[in-house]
Amino acid sequence: MNKDNIYTMKETSEPTLKFESFGFKLAIIQYLMYDRELLAPRFDIYDFAEAYEDRIIDVDEEGYDPIPEAEKWFRDLQIPAVLADEVTELIVDGGNEIYGQIIPFWDGEDDYFDIKNVSEEEIRQFKNLKKWKLCHRKIGVRWISLKCAA
């Protein structure tokens with residue numbers, strides 16, 4: 001991608017959040033980028049595909065499976081640590097917008113985006129995260145209270 005493309009990753013010298021769990025990172029991005037609009041650019045798979053220069057990404061043809069370049073973009077995205085204090089509540093639901101940016105036609109019927117493990121180090125970055133709503137196809141809807149996030 002060229003340097004004028006809004007999706008070109010830029011180096012940062014400021015501290016960034018660290019993640020082991022990709023699913024948890026996506027939940028944080030959902031909150032900061034789509035719910036609160038604090039993290040930019042707001043990723044749109046169609047705009048990304050149009051701007052992508054290394055190959056033609058046909059979202060309508062490829063969108064039933066993970067689009068590798070979109071997934072890589074989210075994996076590589078550096079989130080400024082200063083935004084951690086903004087995260088107070090997470091809602092993890094198959095209908096979250098972020099999942100459709102990686103698999104545009106995802107039906108939510110598999111475990112591709114499930115959060116399987118989150119380390120204590122990951123959670124401790126979010127001292128204001130107090131509640132987490134988990135909508136899971138196997139366990140239903142659960143609210144999880146976090147008392148030791150700090």
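Arg55 counts as partly exposed, at 29% relative accessibility (buried means under 20% relative accessible area, exposed over 50%, partly exposed in between, with a 1.4 Å probe and protein chains only). Arg55 forms a salt bridge with Glu62, with the closest N and O atoms 2.7 Å apart (a salt bridge is a side-chain nitrogen of Lys or Arg within 4 Å of a carboxyl oxygen of Asp or Glu). The model is predicted: local features need pLDDT of at least 70, side-chain atom pairs count only at pLDDT 80 or more, and totals for chains, interfaces and linings use all residues. Residues are numbered from 1 along each chain as its sequence is written, and side-chain values use heavy atoms, leaving out hydrogens and water.

**Fold**
- The protein has six helices and three strands (DSSP runs numbered from the N terminus: helices are H or I of at least four residues, strands E of at least two).
- Of the 150 residues in the protein, 41% are buried.

**Salt bridges**
- The count of salt bridges comes to ten.
- Glu37, Arg42 and Glu97 are linked in a network.
- Arg42 and Glu97 meet at 3.0 Å, N to O; Arg42 lies in the loop between helix 1 and helix 2 and Glu97 in helix 5, so the pair ties together parts 55 residues apart in sequence.
- Arg42 and Glu37 have their closest N and O atoms 3.4 Å apart.
- Glu37 is exposed, at 59% relative accessible area, whereas Arg42 is partly exposed, at 37%.

**Nonpolar core**
- The largest nonpolar core has 43 residues, of which Met33, Phe43, Phe74, Ile79 and Leu90 touch the most other members (a core is a set of buried Ala, Val, Leu, Ile, Met, Phe, Trp, Tyr and Cys residues joined through side-chain atoms within 4.5 Å).
- Helix 1 gives the most to this core, with ten residues.
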